[in-house]
Amino acid sequence: MVTLVSRTGRHLQRYNKDRRQVVGCIPYRYRGDEEEKLEVLLISSQRQGKGMLFPKGGWETDESLNQAALRETEEEAGVLGKLENILGIWHFQSKSQDAYMFPLLVTKQLEYWPEKAFRQRTWMSVPEAKEVCQQSWMKEALDKLVKRIALAKQEEEEGEGVGTCTLS
């Protein structure tokens, strides 16, 4: 059996002008064959009463931004997938953090992961996620993901049936 351990401590954490650099993902999938059935994965907070959230954590000095996003998502949510272009950066005055968030199209859900004993994960629709997620910045990130997916789908539909013609 493989022992799974999360990174702990803050000795390798990145800071920018006293602001802790945090990185995370919005894991998502399509239920069944229908692309309209978008679901996102939320995890329970380790702190009592903090509700559900997207996996995130400190960006460490020995990893790239993308590596940190993938690591945090695997440690906290137990999922792997295709990391997409960054959604944005959110700043928090209360905790002095900058959070870089990415969409992650989930391709594999692990049975065991480092924080399984401390967290529950739940797939839900976007409206359900907005209802249970207590942090407004995470709701904003989710809205941005939904808009990006809708725009990509629209561009794909507009591109269908368009052929190329070569003039000689």
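**Figure 1. The salt bridge between Lys-130 and Asp-143 in the predicted model.** Lys-130 pairs with Asp-143 in a salt bridge, a term used here for a side-chain nitrogen of Lys or Arg within 4 Å of a carboxyl oxygen of Asp or Glu, and the closest N and O atoms of this pair are 2.6 Å apart. Because Lys-130 belongs to helix 2 (residues 126-132) and Asp-143 to helix 3, the pair ties together parts that are 13 residues apart in sequence. Helices (H or I, at least four residues) and strands (E, at least two) are DSSP runs, numbered from the N terminus. Lys-130 counts as partly exposed because its relative accessibility is 31%, and Asp-143, at 28%, is likewise placed in the partly exposed class. In these legends, buried means under 20% relative accessible area, exposed over 50%, and partly exposed in between (1.4 Å probe, protein chains only). The model is predicted, so that local features need pLDDT of at least 70 and side-chain atom pairs count only at pLDDT 80 or more, whereas totals for chains, interfaces and linings use all residues. Residues are numbered from 1 along each chain as its sequence is written, and side-chain values use heavy atoms, with hydrogens and water left out.

**Figure 2. Salt bridges around Arg-71.** Arg-71 forms a salt bridge with Glu-63, with 2.6 Å between the closest N and O atoms, and the side chain of Arg-71 also meets that of Glu-72 in a salt bridge of 2.9 Å, N to O. Arg-71 and Glu-63 are both buried, and Glu-72 is buried as well. Side chains of opposite charge can pair when their charged atoms come close. Across the whole structure, a search finds nine salt bridges.

**Figure 3. Strand 8 and its pairing with strands 2, 6 and 7.** Two strands are taken to pair if DSSP finds at least two bridges between them. Strand 2 (residues 19-30) runs parallel to strand 8 and is joined to it by nine bridges, with Cys-25 standing opposite Phe-102 in strand 8. Strand 6 (residues 79-83) runs antiparallel to strand 8, to which five bridges join it, and here Lys-82 stands opposite Leu-105. Strand 7 is also antiparallel to strand 8 (residues 97-109), again with five bridges between them. The protein as a whole comes to three helices and nine strands, which follow one another from the N terminus as β-β-β-β-β-α-β-β-β-β-α-α.

**Figure 4. Alternating side chains along strand 7.** Buried residues make up 42% of the 168 residues in the protein.

**Figure 5. A negative surface patch that includes Glu-157.** The patch is formed by Glu-155, Glu-156, Glu-157 and Glu-158. Patches are made of residues with over 30% relative accessible area and no salt bridge, like charges being joined within 9 Å. Asp and Glu count as negative, and the place of a charge is taken as CD of Glu. Glu-157 is found in helix 3 (residues 136-159) and counts as partly exposed because its relative accessibility is 47%.

Terms used: Patch = residues over 30% accessible without salt bridge, like charges linked within 9 Å, V, L, I, M, F, W, Y side chains within 5 Å. Areas by Shrake-Rupley, 256 points an atom, 1.4 Å probe, with all protein chains shown as cover.
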